[in-house]
Amino acid sequence: MVKFRHWFSVLTCSLAVSVTGYATSAYGISLSDTLTIPGRSTDLYPYDGNSANKNRLGFFSDLYYDRTNNVYYALSDRGPGGGVIPYETRVQKFSLDINPITGKIRKFRILETIVFKKDGQSFNGLNPELLNSDKAVLGQSFDPEGFAVASNGNFYISDEYGPSVYEFSPKGEFIRSFVIPDNLIPKAGNTLNYVDGRPTLTSGRQDNRGFEGLTISPDGKKLFAMLQDPLVNEGVDNNARNDGRYSRNLRLVEFDIASGQSTAQYIYQLESLTDINDRIPGTDNDFGQNAQGRNIGISAITALNDQEFLVLERDNRGFGVDVLNDLADDPTDTPNPVASKRVYKISLVGATDVSNTSLTGTNTLPAGVNPVSKTLFFDIAQTLNPENPGDWTKIPEKMEGLTIGPKLRNGSYALLIGTDNDYSVTQNDDDVQFDVCSNQDGSTVSKVTIDTYCPKGQRLVPGFLYSFKVNTTELGNFNQAQNPPKSTTTAGLVLLGLAGVWLKRRHVE
């Protein structure tokens with residue numbers, strides 16, 4: 001059962017907090033509807049029962065709208081357990097009704113659960129050390145975070161463990177890997193290490209901060225993958241030690257689809273920590289300097305055209321498993337206010353290719369290096385809760401899926417944003433899993449044995465799917481005819497040929 005009422009809509013604010021400085025959403029962008037998907041929902045994996053690591057519905061690490069076939073894809077990540085419990089990674093193909101006038105959404109229905117496989121063996125959410133007994137062997141450890149569909153129906157998926165970009169068939173069969181630039185690959189000295197973080201890692205992506213976003217260009221020739229945060233070595237702390245957590249500069253990587261090779265890297269700059277902290281009243285709840293490139297990051301990217309994109313950027317605050325887990329351990333804890341849930345429009349025009357440029361040991365860009373240009377598209381938190389966009393009870397933590405949906409009757413578009421509820425699962429230091437339960441405002445929270453039932457009045461953390469109405473002025477040069485199927489093009493040529501024959505015969509007769 002899927003409920004069509006925002007779970008937070010009837011809540012009273014549990015925090016006496018007023019967050020100022022939030023930008024007003026752009027003209028022509030408004031919330032149409034919210035769909036609440038219960039945390040106990042199951043997918044179509046062949047399992048008789050309801051088990052978090054078997055068939056509990058996972059969403060929305062990424063979200064994709066296939067406008068040619070009017071279907072959607074919800075990508076789940078490595079599964080419950082943070083990479084320490086086996087899970088066959090997968091994507092959900094689903095249908096959704098969107099009202100062509102209002103943009104309201106209903107009838108969320110799973111059509112197919114597609115498990116990713118290679119040579120008959122499923123890709124697994126276990127981290128490389130647990131799956132392969134070797135931190136230096138990636139194997140089929142998979143933490144899928146970004147998703148796109150090719151014109152032939154194949155899937156392109158980016159992952160955080162590698163970071164990696166893979167191509168799969170529409171049935172989830174592995175086809176090929178893309179070649180990842182060496183500067184992105186995590187290493188301890190000269191040794192590959194896909195598991196540890198700083199200070200063990202000395203170069204490459206930060207732990208759990210690989211390719212978080214992926215999109216395909218409308219012409220179908222390029223993929224663009226974004227790291228969630230800066231490289232572990234591209235930044236510097238107050239003691240002149242390399243540390244990407246202090247940097248704003250993360251990398252957007254361009255790939256040529258035909259060759260599978262990287263063709264460029266660009267710098268995307270996260271919003272400055274100063275501006276983010278200015279939205280938080282006082283200073284007690286400010287982010288520290290080492291949060292710039294760690295607690296602030298990107299979650300999704302979607303192409304508007306071959307040069308412009310929308311990027312979802314967010315902090316790690318809000319209603320979700322992490323804050324509820326903390327409250328279960330300490331009910332007197334006061335969660336921090338939300339400070340950043342935003343969508344930006346970016347452009348590659350004028351941006352410098354930094355494929356051969358290192359930012360090791362600096363938080364600034366070298367002279368002559370231009371990042372991608374970036375403007376605020378809209379403030380999600382302010383749009384969802386204008387009275388108090390910092391209220392953690394009303395703003396989900398992990399807004400991770402972003403896609404431009406169908407065109408509405410008045411010429412505007414439905415823009416969809418989905419949340420990742422982490423399967424409503426947490427684990428302790430001994431890798432024992434628990435279900436996280438709460439009531440509507442988080443005032444009562446509990447952790448229970450996984451796959452059991454929540455206490456009365458509580459339930460698992462749901463997922464949310466938001467529909468925003470966006471007019472064409474805001475989208476600008478949006479190429480809605482993205483990746484038309486080859487069969488359509490061929491059919492069009494055949495029809496044109498038949499039409500030519502018919503006209504010729506008419507002329508002769």
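How many residues lie between E2 and E3 in their hairpin, and which residue in the turn has a positive phi? I found four residues between the two strands, and Asn70 in the turn has a positive phi of about 55°.

**Ground rules.** I worked on a predicted model, so I noted that local features need pLDDT of at least 70, side-chain atom pairs count only at pLDDT 80 or more, and totals for chains, interfaces and linings use all residues. Residues are numbered from 1 along each chain as its sequence is written, and side-chain values use heavy atoms, with hydrogens and water left out.

**Strand E3.** I took strands (E, at least two residues) as DSSP runs, numbered from the N terminus. I counted two strands as paired if DSSP finds at least two bridges between them. Strand E2 (residues 62-66) runs antiparallel to E3 and is joined to it by five bridges. I looked up Tyr65 and found Tyr72 of E3 as its bridge partner. E3 is also joined to strand E4 (residues 90-98), again antiparallel, by four bridges. There, Tyr73 stands opposite Lys93 of E4.

I then checked burial, where buried means under 20% relative accessible area (1.4 Å probe, protein chains only). In E3 (residues 71-75), five of five residues are buried.

**Sheet E18 to E21.** I traced an open sheet of four strands in the order E18-E19-E20-E21, with antiparallel pairing. Its edge strands are E18 (297-303) and E21 (373-379), each of which pairs on one side only. Neighbouring strands are turned by 30° against each other on average, direction ignored; the axes are lines fitted to C-alpha atoms, and angles run from 0 to 180 degrees between N-to-C directions. E20 (residues 341-347) pairs with E21 over six bridges. In this pair I found Ser347 opposite Ser373.

**Cavity.** I used a 1 Å grid over the protein atoms alone, a cavity being a set of points where a 1.4 Å probe fits but cannot get out, with lining residues having an atom within 4 Å of a point. Volume is the space filled by probe spheres set on the points, which are joined across faces, edges and corners. I got one cavity of 30 Å³ or more. The largest cavity has a volume of about 80 Å³. Of its 13 lining residues, Phe319, Gly320, Asp420, Asn421 and Val461 are the closest to its centre. By class, I noted six nonpolar, three polar and four charged residues in the lining.

Technical notes:
Buried means under 20% relative accessible area, exposed over 50%, partly exposed in between (1.4 Å probe, protein chains only). On a 1 Å grid over the protein atoms alone, a cavity is a set of points where a 1.4 Å probe fits but cannot get out, and a pocket is an open set with protein on both sides within 12 Å along at least five of seven lines; lining residues have an atom within 4 Å of a point. Ala, Val, Leu, Ile, Met, Phe, Trp, Tyr, Cys and Pro count as nonpolar, Asp, Glu, Lys and Arg as charged, and the others, Gly among them, as polar.
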